[in-house]
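Trainee: Can you walk me through this one? I have the viewer open and a list of things to ask.
Mentor: Go ahead.

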Amino acid sequence: MKKSLNGKVRPARLDEIAQIYQVIRENPDEVLPRSIPELLQNFDRFLVYEEAGEIKGVISWQVLPSLEPEDERILEIVSFSVRKKDQRKGIGSLLLQEMLEKLRHYHPDRILVLTFYPEFFKKFGFRRVSKKKLYPKIYLGCFKCTKYTSPLTCPEVAMVKILKKEEKK
């Protein structure tokens with residue numbers, strides 16, 4: 001049963017880094033931890049769901065590396081986390097919808113996510129893709145991972161949303 005949402009999705013502020021850190025840390029099995037310095041350096045890439053002065057959910061993004069200017073441009077959704085007590089209320093859906101809208105303005109060819117919840121992302125137009133095809137792109141993010149020895153042995157599912165030219169405008 002969904003409760004009505006009284007909060008809003010908005011860009012993160014510098015004074016919210018501690019709350020963002022805590023929201024990410026509440027889901028250690030699903031979300032890689034981020035250090036305070038890393039969060040400070042990238043706070044402008046975060047959207048938060050705030051209700052009554054409390055951050056209840058967060059989502060961020062990063063650019064996947066390319067070697068050539070004509071290579072496919074891929075953005076990745078990262079640090080997507082909702083406080084355990086606030087899950088299954090629609091907060092994650094709101095955050096993802098807002099993030100997808102924001103990322104469209106950057107004109108990526110694809111938006112990538114590595115997830116344990118493929119059915120959730122499928123509702124938003126994402127489809128499964130082989131990690132082998134993405135290995136050079138995801139490797140840089142995955143080598144920081146302390147849980148798995150390789151992106152190819154990680155149990156997360158790689159999913160992409162392909163943006164057509166008319167969607168990017």
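Trainee: What share of the contacts between residues at least 6 apart in sequence join residues at least 24 apart?
Mentor: In this protein, 70% of them do, where contact means heavy atoms within 4.5 Å. Bear in mind that this is a predicted model, in which local features need pLDDT of at least 70 and side-chain atom pairs count only at pLDDT 80 or more, while totals for chains, interfaces and linings use all residues. Residues are numbered from 1 along each chain as its sequence is written, and side-chain values use heavy atoms, with hydrogens and water left out.

Trainee: How many helices and strands are there?
Mentor: Six helices and seven strands. These are DSSP runs numbered from the N terminus, with helices being H or I of at least four residues and strands E of at least two. Along the sequence the pattern reads β-α-α-β-β-β-α-β-α-β-α-β-α.

Trainee: And in what order do the strands sit in the sheet?
Mentor: The order is β1-β2-β3-β4-β5-β7-β6, in an open sheet with mixed pairing. Two strands pair if DSSP finds at least two bridges between them. β1 and β6 (127–128) are the edge strands, each pairing on one side only.

Trainee: What packs on the sheet there?
Mentor: Helix α1 does, touching β2, β3 (54–63) and β4 (74–82). The direction of α1 makes about 85 degrees with that of β3; axes are lines fitted to C-alpha atoms, for helices over the stretch in contact, and angles run from 0 to 180 degrees between N-to-C directions.

Trainee: Back to β2. How is it joined to β1, parallel or antiparallel?
Mentor: Antiparallel, with four bridges between β1 and β2 (residues 47–51). Valine 9 has tyrosine 49 as its bridge partner in β2, and proline 11 has leucine 47.

Trainee: What about the link from β2 to β3?
Mentor: Five bridges, again antiparallel. Leucine 47 is partnered by isoleucine 59 in β3. The two strands form a hairpin with two residues between them, and alanine 52 in the turn has a positive phi of about 55 degrees.

Trainee: Is β2 mostly covered or open?
Mentor: Mostly covered: five of its five residues are buried, meaning under 20% relative accessible area, with exposed set at over 50% and partly exposed in between (1.4 Å probe, protein chains only). Leu47, Tyr49 and Glu51 are buried on one side, and Val48 and Glu50 on the other.

Trainee: Why does histidine 107 count as partly exposed?
Mentor: Because its relative accessibility is 38%.

Trainee: Switching to the surface. Which residues form a nonpolar patch?
Mentor: Leu14, Ile36 and Leu40, with about 250 Å² of accessible area together. Patches take residues with over 30% relative accessible area and no salt bridge, joining like charges within 9 Å and nonpolar side chains (Val, Leu, Ile, Met, Phe, Trp, Tyr) within 5 Å. A salt bridge is a side-chain nitrogen of Lys or Arg within 4 Å of a carboxyl oxygen of Asp or Glu. Leucine 14 is in the loop between β1 (8–11) and α1 (17–25).

Terms used
Accessible areas come from the Shrake-Rupley method with a 1.4 Å probe; for residues, only the protein chains shown count as cover.
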